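User: Could you take a close look at one part of this model for me? I'd like to start with the annotated site and what surrounds it.

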Amino acid sequence: MSRTKITAEEALAYHLEPRPGKYDVVASTPMATQRDLSLAYSPGVAVPVQAIADRPEAAYDYTVKGNMVAVISNGTAILGMGNLGALASKPVMEGKAVLFKRFADVNAIDIELDTEDAEEIIKAVKLMSPTFGGINLEDIKAPECFIIEQRLKEICDIPVFHDDQHGTAVICAAGLINALEMTGKKIQDCRIVLNGAGAAGIACLELLKSMGAAPDNCIMCDTKGVVWQGRTEGMNQWKSAHAAKTDLRTLEEAMKGADVFLGVSAKGAVTQDMVASMADNPVIFAMANPDPEITPEDAHAVRPDAIVATGRSDYPNQVNNVLGFPYLFRGALDIHARAINDEMKIACAQALAKLAREDVPDEVAMAYGRKLSFGRDYIIPTPFDPRLIHVIPPAVAKAGMDTGVARRPIVDMNAYTLALKSRMDPTASILQGVHARARQAQARMIFAEGDDPRVLRAAVAYQRSGLGHALVVGREADVREKLEAAGLADAVRELEVVNAANTRHLDTYREFLYARLQREGFDRQDIHRLASRDRHVFSALMLAHGHGDGLVTGATRKSAHILSLMNHVFDAKAGDGAVGVTALLHKGRIIFVTDTLVHEWPEPEDLATIAIRAAGVARNLGLEPRVAFVSFSTFGYPVSERATKMHQAPRVLDRMKVDFEYEGEMTVDVALNPEIMAQYPFCRLTGPANILVVPARHSASISVKLMQEMAGATVIGPILTGVPKPIQICSTVSTANDILNLAVVAACRIGN
């Protein structure tokens, strides 16, 4: 997997559009009527106020406190950038907040404190702590981070967690548990060398010692060498606590015979000679970012028996904090914990380690484009494993209950686990999976409209994200000019610009097109113009002849016109089995609406074909299809001629004996709401529908655009399916990201 190349322009645009920043605050209760406002504020709010005054723990029942974390920084240690100040840290803290929400459904608010005085930070956080169920400290430099965290743990009655320290430590511990199991070693017998005596390094060593590592076997190093008893240079109380009684003085000396190396230091800190000197089956966690202390390639070149982990996503065994902090807080919040203690952190590490040893679901393998199984290249679960949300928090919660930090213990752990499963947002993992599959496919993607800035930005993103090779149809001078205007002038060297003037295949294209269209009123002159001057037809001809693997078009012309041009080269008419399927992603659900592109007014047999094509798209995305034929009537009432075909379509599928669930006709609320569906016990769907087959293209278009504009749904599509080659037609209002998503869909051949 190649590393994604991100330009400054792309990063700034991401944070600017569609609105500045990365999250909104959205009301979770009705706010439409005067009664709603009276309940939300005065006079209704007085009732929960009094309830909390009488019983403070009621705040967890009547406010967001129990699912709210403060992400707090002063910007003195931002990523690898150093002390850039509180305001500069805000994009990072916003990012942390959305990771909490994305991975564990924890609400989080970022707070940047403009001071470097540890006492002022302690006072500020203590004063605001009643608002929150937990505090996540972030990017605060050492040694202040140690002082701040320790004091806040002492004076606050909610969890305080410095992720830069303990997040890394937990994931490191999880990986080490499995690495040692694989090598047959015990932690108490291992010689462990740590390089990097900052917050993360010290936390790693402390957690491993609490798990059984022998203090005499642990050597800490910093830029001045081994931290040994009696050393005075560059020391502080936190390093001194781990000073070893040893004659070793350098990292090179410490590495000889070591079983484990943990690096949270700097690129190139470890040499191949150091690795070669380690014990049999060495474990090397080179976690420096963005570049490790030694690359896995260099380590394996001298020690093929090494197990290597890094902090990077483009190598196996990524030590990624997102595997820990969201789920630690999820479990802690759900028991209304007073703290996150060592036992909870160890429980998290052990649960992660155990999860990596279990069979990996197909959707995870699909997301990473390869089969994953426990072994030297898979000792830590992947961040997009859907089981994390319902495996890690219960383990954390149980440890919290067992150690007495739970205010409200969970009585029914099985019910809790089921509730956690329902929190999982499938949409993000689906998109991640599709992108991973595209990266594996490395398709040559034809972008037909090289004069449109959105298309060019999508093409550049496709290429730079390592998804494949972008072929842009257009004139080179126009492409260069548009890229320069978009701030992407350097990208012109990366893209391959194709047109009729610079291809040697034009005569072949013309002969092919003439053979298809000569009996449809086209003469050779018409064919010459179509093949040479119409970029959509030219692009389709490229695809038909294997000079590209997929095609994205439609940003500059109406989809009906584009589809008619595609039909000059391919058979993509309603009678040919072509169907348009649009995916709507909203609030953790994915719904397919169809047909949104091809069929104007489908008959029952057409509707059956549409359902079959849509089911294929759903399965290609890892979902088990449940099809509802929707109308304004439900199972025959009210009676209407316009609903008849929706009633008949399931009978067609009955005769075809398809292998997916379907039912109809029914209204949309019956199809999507399980409580309303339960009023029809004879309904054959086992759960809410994820495919809605609608009566006509106009109703499909209305449904999709209404969801997009009113609800803010993410729209992917229409995905054209039932065509021999991967062709995707975007809309004229598509953003660069929409176009990129369709390119990825085409690369994965989801419609084919």
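Analyst: Let's start with Lys96: its relative accessibility comes out at 8%, so it counts as buried, the cut-off being under 20%. Keep in mind that this is a predicted model.

As for where it sits, Lys96 is part of helix H5, which covers residues 90–104. Leaving aside residues up to four places away in sequence, Lys96 is in contact with Val71, Asn136, Glu138, Asp163 and Phe325. So what does the burial rest on? Lys96 is called buried because of that 8% relative accessibility.

For another covered stretch, have a look at strand S16, residues 589–594, where five of the six residues are buried. Strand S15 (residues 579–586) runs antiparallel to S16, and six bridges join the two. Within that pairing, Val581 sits opposite Thr594 of S16. S15 and S16 make a hairpin with two residues between them, and Lys587 in the turn has a positive phi of about 50°.

S16 also pairs with strand S19 (residues 691–693), this time in the parallel sense, over three bridges. There, Phe592 is set opposite Ile691 of S19. If you're following side chains along here, remember that in a regular strand they alternate between the two faces of the sheet.

Technical notes
Residues numbered from 1 in each chain as written. Predicted model: local features only at pLDDT ≥ 70, side-chain atom pairs only at ≥ 80, totals over all residues. Heavy atoms only, no water. Buried < 20%, exposed > 50% of the residue type's maximum accessible area, 1.4 Å probe, protein only. Helix = DSSP H or I, 4+ residues; strand = E, 2+ residues; numbered from the N terminus. Pairing = 2+ DSSP bridges. Contact = heavy atoms within 4.5 Å.
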